[in-house]
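User: I am new to this structure. Please walk me through how to read it.

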Amino acid sequence: MHYQSSQKKYWKSISLFFLIISSLSVFAQNTAPQTTQPAGQPTVDPSQVTNTQAVEFYNQAKGAGMSDMDIERAALQRGYSLDDISTIRRRLQQTSKSNNAQNDPNRDQIDETREQDDRDELDDETNNERDSTAAGRAQMRRLSRTFGSAFFGRSAATFEPNLRIPTPKNYILGPDDELIVDIYGNSVDNFRMKISPEGTVKMLNLAPVYVNGMTIEQANERIVNRLRQAYSTLNRPGSGTYSTITLGNVRSIRVMIIGEAVQPGTYTVSSLATAFNALYVSGGPNRNGSYRNIEIIRANKVIRKIDLYRFLIDGDLQDNVALQDQDIILIRPYEVRIELAGQVKKSGIFEAKAGETLKDMIRYSGGYAPEAYTDMIQYQRNTGNNFVIGTIDSTQISSFTPKNGDIYTVKRILDVIANQVEIRGAVTRPGFYPLDEKTKTVKELINIAQGIGQRAFLNRALLERASGDTQTGLVAIDLRKLINNEIPDIQLLPGDVLTIKSVEDLKEFTYLSIDGSIINPGAYYYYKDITIADLIFQAGGYTEGGVPYRIEVSRRVKNDTIGLPESQNVRIFTLNVTDNLVLNEEDQKFKLLPYDIVLVRKSPRYESQKIVTVAGEVTYPGTYTILNNFERISDLFPKVGGMKKEAYIEGARFYRNRELVALDLKAIVEKPNIPANLLLVDGDTLYIPKKSEMVRIQGGVYNPSVVNFDKGFNFKEYISQAGGYTERARKNRTYVSYPNGRTHRTTRFLFFRSYPKVEPGSVVTIPMKEPKPDRQMSTGERLAIISLLTTLGISIIRFL
């Protein structure tokens with residue numbers, strides 16, 4: 001699908017404006033009351049006209065047979081000013097550009113063609129070469145498209161020629177071009193002239209003037225000479241009558257785009273179009289097209305060779321020449337394409353011309369990335385039989401000639417710092433430092449780290465140094481002698497690591513432990529001459545139940561074993577410390593040693609309060625404190641003031657740790673000495689409900705349900721209330737669960753069953769047998785049985 005003439009688009013936008021004016025005038029005359037309008041006053045304000053209305057009026061006027069010139073004259077006669085015309089023209093141009101950007105089916109088709117080309121290229125490479133190397137190259141080429149293809153890719157903006165520019169001085173006039181003549185001064189006139197197919201223009205009643213093939217300046221001279229037949233002093237000094245001749249609507253021209261274009265063919269474009277406009281319309285070079293060798297052919301002669309890289313790289317528009325009618329744009333196939341990958345600013349496929357080097361290709365890619373290893377570049381080249389790899393150093397880049405199909409990879413620099421040394425340990429500022437003029441030796445490195453620490457171990461320091469192979473060597477240094485200049489200083493090498501340890505680093509971590517009734521028990525650092533009071537202070541002091549006496553200290557036996565049995569490896573000490581952490585004179589002499597364990601006892605009669613909860617039908621429900629360790633369940637009833645009349649003691653439930661404990665509370669009240677009268681513990685709960693009047697029957701009955709309790713009913717009558725037993729009911733396993741958590745099951749003696757008693761709030765459960773799966777005999781099994789019976793029958797007959 002080809003682009004339509006830009007001349008038509010431009011003329012349409014101008015005609016739209018004039019058409020709106022005249023159509024609005026006609027519309028106003030037909031619909032408004034017949035009143036007298038002041039001369040020269042517009043009938044409708046152009047600012048009130050929407051773009052949709054403008055298009056509608058334009059179509060109506062065209063349907064009525066009005067020409068563009070008729071519309072213009074009607075607008076001027078109606079009193080519309082040039083400012084009104086300019087305002088609406090700008091609105092129409094903006095709307096036209098927006099619509100072109102959003103609705104461009106030709107551009108979508110071109111993009112689809114380019115994407116299909118990329119897919120075809122990937123398929124070709126994958127099908128022709130099946131090894132992993134070929135697949136990797138195909139994937140790489142798909143991801144990095146040819147440099148320059150993005151310029152012709154999908155874009156929201158159009159790349160049409162700008163029609164709102166002054167007439168170019170070298171513009172060549174031709175048929176269908178329009179010239180506008182303005183005469184001003186002592187005489188005033190204005191008219192438009194379209195160049196005829198014969199190449200002439202006719203003005204007023206004068207003879208035609210031939211202007212075909214002339215520039216606008218040449219045509220201006222001829223036209224003025226002809227106009228002097230009507231205006232004798234036109235454009236003469238001091239005459240007072242002058243003229244200007246400008247280009248109005250421009251003609252359309254046809255250009256042919258052939259060769260390796262995405263969509264070759266013949267295109268109709270504006271006569272102001274340039275080579276780049278036409279290339280964009282055709283989608284640019286396809287996957288085999290050259291970006292460096294595009295020819296403009298005019299009258300069978302090559303008038304220009306276009307190198308798009310000059311524009312894409314440097315923004316040079318010298319190749320963007322103006323087109324003429326019947327020009328041919330020939331896109332040649334590329335000759336040399338190479339691929340740049342790795343640490344370059346823009347990786348991809350680049351085209352090389354004869355005489356260009358690898359340095360030029362790197363410039364086209366934007367240059368090296370910040371982390372590129374520039375001393376050496378690796379390349380892969382096709383020899384015709386196979387691939388070979390090689391390297392190019394930095395001195396060869398400017399002279400190395402790329403060949404078609406080369407792949408160049410710029411590596412990343414190593415993630416190491418070449419002039420780095422490190423100091424660790426007991427110095428003021430450990431860390432990494434540069435190996436430079438200020439830091440060349442071990443002493444200078446210590447100085448730049450602001451000196452060694454106060455507790456640094458001075459007898460030895462270690463310098464780790466790469467020995468040239470995979471191992472690292474160690475250089476021992478007597479730090480004290482080095483600082484005192486008793487031994488010579490040591491020169492540093494790149495990568496050296498100096499380690500200075502503190503005294504504590506060379507000792508096992510010594511600590512003390514404190515546990516028991518202390519606020520923050522745990523391990524604490526050992527200090528020389530630390531006392532028990534010091535340690536208790538560090539641990540935050542005693543807890544509420546802690547006592548300062550009978551504090552036990554457990555100590556390891558190291559050397560002093562006097563008076564100890566062979567089987568004993570610890571010593572135990574008992575000390576007293578007051579609440580204000582003051583030791584008596586004897587205990588002040590006792591010093592803790594590393595790894596001592598201090599245990600602070602709790603008061604023998606200190607414990608937190610224990611409570612139980614009584615709820616339900618009692619006089620004073622709530623929580624109660626357990627007075628001593630011998631209180632039992634029966635002791636709760638005097639505390640709660642006894643039970644209410646509606647209390648159902650047989651259904652009382654007792655919970656411990658949120659689990660129901662099956663107890664007969666009525667028996668406990670009547671006989672407190674029975675084992676069921678449990679000792680109370682913290683968190684126990686006793687709940688005494690009201691008497692329930694319901695019984696639930698569930699399981700193997702036909703109608704599981706809840707029925708009312710009736711003293712006159714026995715067990716079987718309750719079963720009858722639920723519809724009786726089902727076929728799968730296990731009658732001998734029936735059981736009753738009582739509200740207090742106890743359960744009684746059916747018992748059997750000889751041929752007699754004893755059913756449990758049903759009480760208010762009980763749940764009667766009839767277990768059910770597991771259903772047996774129905775299994776039908778197979779044909780083979782049936783035949784085997786028939787065969788067996790037949791054999792038995794024959795045997796019996798013979799026996800008889």
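Analyst: Start with a term. A helix here is a DSSP run of H or I with at least four residues, numbered from the N terminus. This is a predicted model. Helix H8 covers residues 275-282. Gly283 follows H8, and its phi is positive, near 90°.

User: Is H8 mostly covered or mostly exposed, and how many of its residues are buried?

Analyst: Buried means under 20% relative accessible area. H8 is mostly covered, with 8 of its 8 residues buried. Among them are Phe276, Leu279, Tyr280 and Val281. Asn277 and Ser282 are also on the buried list.

User: What share of the chain is buried?

Analyst: Buried residues make up 37% of the 800 residues. The chain exposes about 47700 Å². Carbon and sulfur atoms supply 50% of that area.

User: Now the strands. How many bridges pair E1 with E2, and in which sense?

Analyst: In a regular strand, side chains alternate between the two faces of the sheet. Now the case here. E1 spans residues 178-185 and E2 spans residues 189-194. They pair antiparallel over 6 bridges. Glu178 stands opposite Lys194 in E2. The two strands form a hairpin, with 3 residues between them.

User: Which strand do 7 bridges join to E1?

Analyst: That is E5, residues 241-247, and the two run antiparallel. Val181 stands opposite Ile245 in E5.

User: What is the secondary structure count for the chain?

Analyst: The chain has 18 helices and 37 strands.

Methods:
Residues are numbered from 1 along each chain as its sequence is written. This is a predicted model: local features need pLDDT of at least 70, side-chain atom pairs count only at pLDDT 80 or more; totals for chains, interfaces and linings use all residues. Side-chain values use heavy atoms; hydrogens and water are left out. Two strands pair if DSSP finds at least two bridges between them. Buried means under 20% relative accessible area, exposed over 50%, partly exposed in between (1.4 Å probe, protein chains only). Accessible areas come from the Shrake-Rupley method with a 1.4 Å probe; for residues, only the protein chains shown count as cover.
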